[in-house]
Amino acid sequence: LGESLQRYRAQYYSVNLSGRKKQFVLEGISGGFGVAIGHVVVIYPPADLDAVPDKTITDIDAEIELFESALTHTREEMRVLQLNAKSQLSETDSVLFDVYLRMLDSRSLMNEVIEEIKTGVWAQAALKRVIHHHIVHFESLEDNYLRERAADFRDLGRRILSHLQKNLPAEKSFKKNTILVSEEVSATALVEVPEGCLSAVISGR
């Protein structure tokens with residue numbers, strides 16, 4: 001899908017320059033039956049963990065305070081999504097958001113990041129290291145379900161980072177028959193779409 005999107009961008013700009021219109025077909029693997037026609041909404045990660053540079057700091061207490069504040073705001077955000085999930089998803093699927101909140105409430109996760117900060121790195125790099133460690137661990141497991149939990153850690157890490165960077169995305173407007181497109185569509189991204197508006201999902205992963 002990623003390669004197809006790149007080809008589409010290149011062809012789109014060439015068509016715009018020439019003034020001619022053309023149809024494009026993106027090839028992928030079907031995850032369900034049926035055909036959907038609607039309004040495409042492309043969603044991007046709230047923040048990029050991989051782009052965070054290492055940076056040393058001297059005021060460790062201030063950095064810990066920044067991290068704890070970001071964690072609090074992420075919990076509040078996740079509680080809102082949890083309420084949406086309970087009204088939009090089955091009881092089995094909405095339980096996933098209880099797991100997200102338990103992960104955010106986990107003293108283990110918080111302490112791991114704080115210990116990294118105490119080594120003299122800023123909170124963003126400390127968070128990146130801890131989240132990366134958990135992602136590598138889950139991706140190494142043989143069980144398919146547990147491997148997929150790596151995406152959950154990645155999503156939570158990005159959301160905490162967005163609050164650390166105070167770089168929150170603007171609210172999107174979702175119309176009826178929304179087709180959600182992203183490199184990786186997480187469960188949290190799905191419940192951000194109002195009930196009854198989602199028609200299809202296109203995911204790169």
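H163 is part of helix α6, which spans residues 144-164; helices here are DSSP runs of H or I with at least four residues, numbered from the N terminus. The model is predicted: local features need pLDDT of at least 70, side-chain atom pairs count only at pLDDT 80 or more, and totals for chains, interfaces and linings use all residues. Residues are numbered from 1 along each chain as its sequence is written, and side-chain values use heavy atoms, with hydrogens and water left out.

H163 counts as buried because its relative accessibility is 12% (buried means under 20% relative accessible area, exposed over 50%, partly exposed in between, with a 1.4 Å probe and protein chains only). The side chain of H163 makes a polar contact with the side chain of E77, at 3.0 Å. Such a contact is a pair of N or O atoms within 3.5 Å; within protein, one must be able to donate a hydrogen and the other to accept it, and residues adjacent in sequence count only if both atoms are side-chain atoms.

Helix α3 covers residues 91-105 and contains R102. With a relative accessibility of 55%, R102 counts as exposed. The C-alpha atoms of R102 and R75 are 9.6 Å apart, while the two residues are separated by 27 residues in sequence.

Helix α3 also holds F97 and Y100, 3 residues apart, about one turn of the helix. Both F97 and Y100 are buried. Rings of Phe, Tyr and Trp (its six-membered ring) pair if their centres lie within 6.5 Å; planes under 30 degrees apart count as stacked, over 60 as edge-to-face and the rest as tilted. The count comes to 2 aromatic pairs. The ring centres of F97 and Y100 are 5.4 Å apart and the planes stand at 80°, so this pair is edge-to-face.

Notes: Helices (H or I, at least four residues) and strands (E, at least two) are DSSP runs, numbered from the N terminus.
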